[in-house]
Structure formats: C-alpha cells, structure tokens
Amino acid sequence: MQNIWQTLKENSYFRAIAGYLMVGWVAMQVMEVMGPALNLPEWTLSAAAYLVISGFPVFLLITWLLLQKSSRQQAEDGAAPSSAFGKWDYALYGVAALAVAIIAIQWALPGDTEEPTASVAEDPATEAVASNATSSPAAPAPGLTPGNFAIAVMPFDDLSAAQDQAYFSDGISEEIIYTLSRIDRLDVTARTSSFAFKGQNLSSPEIGQRLGVSHVISGAVRKQNNQVRITIQLTDTTSDQMVWSESFTHTLEDVFKVQEEIALAVAEELEFLVGEEDQQYLVSRTAQNPAAYEAFLQARYLLNSVQIDAIDRAIGLLQEAVEIDPQFAEAWAELGMAYWQKQSYGGDVSNELDLAELNALKSLALNPQNSQAYVVLGITAAKRRDYVAMRTNLEKALALNSNDPLALRWFAYGLLTVGEVDEALTYSARTLKLDPMQARNYVSHATNLYVSGDLGEARRTADRAITLGFRTAAMVMADVSKAEGDAEGAMNYARPLISYMTQVLSDEEIETLLRGIFIGQENTDEAVRLITELANQPDSAAQMFFGNFLVMLEEPALAFETFRTNTGGFDFPFFVALWSDRGEMVRTSDAFPGFARDIGLVEYWQAYEWPPFCSPDDPDAEGTEVAFACL
C-alpha cells in the first residue's frame, strides 16, 4: 500500500489521468459535432462514451504498472526520478487549452434552453439581418425590407439509425412551416413546393431562384428513445451565407413546443418584432400526449403521399390520436381534412362531408384559432354550394393564417364561382407565389387570366401547368386558342384530354363532340346528344366538364340541369365557362335568374356585392327575389 500511495503522489501519474480524461472529453465533443455531419449511426456516440468510461480503470492499472516498472529501472540504474517538463506535458497542456476554449465557446453561444437566444451572424453580408432580444432593430440585408422577406422551410433530414423516421422529420418541418406562416408580414413557401426538392442536392441560391425566396431553413432531426434533437440553420439565398444556426433538444413529452421556439427565433433574426401577444398567437399546438402526436404526424405523412389507399390508414391513426388525447384540436381538424380528401376520391360524398364538418367543429370548440378547421368548413361549404358560408369560413382561415395555400386557392375558386373575377385573380396570383411547384395553382391562375381576358399570360401559365404534369390544363389552352380564333388549335389541345376522360366514345364521336364545342354549326346537336349520353354515366371522369361544354354549346336549360345533378363533381369548370365571353348567352338567358337564386348566388350577392356581370334593377332592394340583369 505504501508503494502504491507513493506512486500516486508522482506527478506523472496525475498528469496521465488528467490527460486521459481531457482527451476522452474532447473526443466525445468531436463525436457529437461530427456525427450528424458524417451521418454516423445513432449508437456511435453511445459506443464511444462506453469505451471511454470502461477503458478508464484499465488505463489506471496499465499506467500504474508502467510507472512502477520505470521507478524500479531508475533505482537499479541509480538515476534520480525524472521530473522534467517533457513533450508529453506540452501535449497535455495543449489539450487542456483546447478543452478550455471549447468550454468558453459553449458558454458564450446559446445552448439547448427552453427559450433559445439565437447567435448573431459574424459574416458582414448577413450581419444586417441578425439581432438579439435587447438590441434595436437593425437594417435588413441589401435588397430586403421587413415587408418582402420570403422563406422556404426545406424537409429536414432524418438522422435516425434505421432511417425510418421520415414521417417525424417531415412532420417537424411542416409544423415549422405552419407556425411561420402565421406571421402576416412573412411569405412562407407552401409544403408542396419546398418538399418538391426533397432528396435533391441544390444550393441555397438555386432554391431561392426557383421558389422566389430570400431565405431558406434547413435542418436535421435525430430521434432516439425519448429524446429529440433538432439542428437548424437559416441561410440567405442571395449571399449563400448562414445567418443563424441553433440546436434544440427536447423529450417527446415537450417536443410540441419546438416549432414555436424556432418560429420566434427566425422572426427575431428577420427583424420581425414579436411581442407577448404574438407569441401567444403563434403557440397553437394543443397536443399533450407524445403517442397522440406521433400518430398525428404519421397520419399527415400518409395524407401527403397522395395515395388513395393511404387515406383510410390515416383516418385510423387520427382516430387513435383523438382517442388518446381528446383535447388535441389539430388532430380533430386533420381528421376533418382526411374525410374531405376521401370524398374527393369518390367516396360517400354526403356522409364524408358531414364527418369533415363535424370534426372541424370539434377542433374549433377546443381551439378557436385553428385555421385549418376553418379551411375544412369553407371547402365543405363550397362543395355544398353554400357560397356565403364558404366565404365566411375561408376569410376566418386567412385572418388566422394568410399564407395558407389551400385556403387561398379555394378562395380564388370561390370568388370566380360568384363572378368576382378580378378579386379571384388577386388570390390565385398570391397562391402561385407561395406555392410555385403545385401544378393546380397554375391551372387556377391561368383560368382566372383567361376569364379576365389576358389570353397571352393565361397561355403561358397553363403551359407551365402542363409541364408540371397537370393534364387538365389542356382545357385552358383549348379555351385560350378558341378565344384567339384558332378552333383547330383548340381541338388539338382538347382531343387527348377528352379521349382520356370519355373512354366510352369512339374516335369519330370524339371528333363530333370537339367540332360541336369549338366550331359549332351542324355539329352542335350531335355534340349535345353525346354529352347527354355521358351524363347518364355518373362515374364518367369527364363529368366535371359536362356543364362547361353545355354552356359553350349555348344550351342554358341543359347546362343548369346538368349542374344541379352533378352534386358529387367539381363545379369550377362550369363557372369558368359561365363568366367567360362564351357564357354570355347563357347568363343573359331568361332561365339564369331562377338558377342563380336556386344555387345561392343571389343570396351571396345580397350579402356581399354584385359581380361586374350582373346588377339589381333596384340597388336598395333586399331579399333574394330582387330582379336583376346580367351582361
């Protein structure tokens, strides 16, 4: 024992112990930082820690034996014990200095706290858009003002060992998109467009150019057991410089908070003043149970897959989520949206619209600020042709989230439906700006451009939709060609689409139908007969165009009857024809006022305003029986 104690008092032994501990600590720090960058498995850091800890007693024993051997050798040689300050001591103190530096940096930079304070960018090009909680607002980056920031949140990388947590990493990205989109002065690219680049190794400037954004948020999610670590960075797409970065570590029990933390930090970096009221407004998630939250994210991942067979599985997961956590308002709203999607794929329309509405109302009873629930109510009302309720609910949704692309697109649809073409054009343009990779947004905007008379821009916009794979945009191209006086060109655009959607017609019958629609004259009667036959097949994919065709064929009575019976279809093409130049004969017919009253158009006009096409005989008259005329 005396020999052991004497050895422990030797400086060499203490220096060796200190060296082992410091080298091990530095190694763990390096592993934690480089692990995500090198995409190392989840277990790598744990294995390294185990080796460092388990190797310590072995190191103590071997070092003690070596020092004992060295002491005996020196005694036999008659040499005094060495205490020189050698090269290993210099290495040891170098490692110690590095450790002190790392500790100092970690102390200076923000850690994983509940309310993280973002670090200020050091690069001069991006320093102008960085801020802290106590400083006055700094000038924005060159070319940017607080009124024109636009941001895209890219899909976060899944750093789990098995690469099986994509639903979770995608879900966190979507949560951040949703929360940031509630900041009115910030344009936030829709999920559809930002996720279109998933798996592509594009630079920030490339993404900025394609999506029209000034900043990009990217990140990674590492989920292990009950811990979730999210690393995130904000990059200026003009300079390709990182403005801000941060890491957030949470347990599953409180991971719901992370999107609000990130949103507030980003708002601070982009010079948006967010006060206590705004912070309370941004905190919208009501989930309290991690199992319910995971089921919610899995369901939304399935719904985003745009696969018909995934909808029922998503509904089952959402039902599980609200059973576990009945206060989870967002899950109730998502369940309503799931039923809406199911009816749009040919389900039991009436029943599923009822379920969509019921679940949206349950969501609002728990959280009156849930914008998605209002979207569900708005699009459900549109499908039921309740245009007053449609506008009321979509306006509430947009008041809560002005960047919601679904609410914006359906509002544009609804405004064109009631004849407010110019206002519809404004909303479809806004939708396209926020969601430029969604093909149907191009179709919506191209249609509004066509009805408003901007044929050149309508053609360019519809062509972009076709490039993105949305084949029904060909009908817009056909309408534009017809308006330009090119009937043959119109037929060439429409022919493949009509052939695809009316597979029971022969090539000769398709030609007859096309000639009736786009040329008229002796082909009109036969075209009407073919459409009437198709209308008796309720499963026909072309059902949405029957009313549209009959308006263009100037058959008001048949057009109105077809519209009334097409309760499960999509009404938008009918109103495109009705309010375009080709619909003048139909909307000025004697039968139109009664039709407009029956489907709720007059009620809407009385509640809001009359469209430029129609006006009441007595502007002060009240009630839907008011006499009016259309041009």
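Author: Before we start, a polar contact is a pair of N or O atoms within 3.5 Å, where within protein one must be able to donate a hydrogen and the other to accept it, and residues adjacent in sequence count only if both atoms are side-chain atoms. This is a predicted model, in which local features need pLDDT of at least 70 and side-chain atom pairs count only at pLDDT 80 or more, while totals for chains, interfaces and linings use all residues. Residues are numbered from 1 along each chain as its sequence is written, and side-chain values use heavy atoms, with hydrogens and water left out.

Reader: ok, which backbone nitrogen does the N370 side chain reach at 3.2 Å?

Author: That is the backbone nitrogen of Q372, and the N370 side chain also reaches the backbone nitrogen of A373, at 2.9 Å.

Reader: and where does N370 lie?

Author: N370 lies in the loop between α14 (349-366) and α15, where helices are DSSP runs of H or I with at least four residues, strands are runs of E with at least two, and both are numbered from the N terminus.

Reader: is N370 buried or exposed?

Author: N370 is buried, with a relative accessible area of 2% (buried means under 20%, exposed over 50% and partly exposed in between, using a 1.4 Å probe and protein chains only).

Reader: what is N370 in contact with, leaving aside its neighbours within four places in sequence?

Author: With contact meaning heavy atoms within 4.5 Å, N370 touches Y178, A329, E330, A333, S363, L364 and L400.
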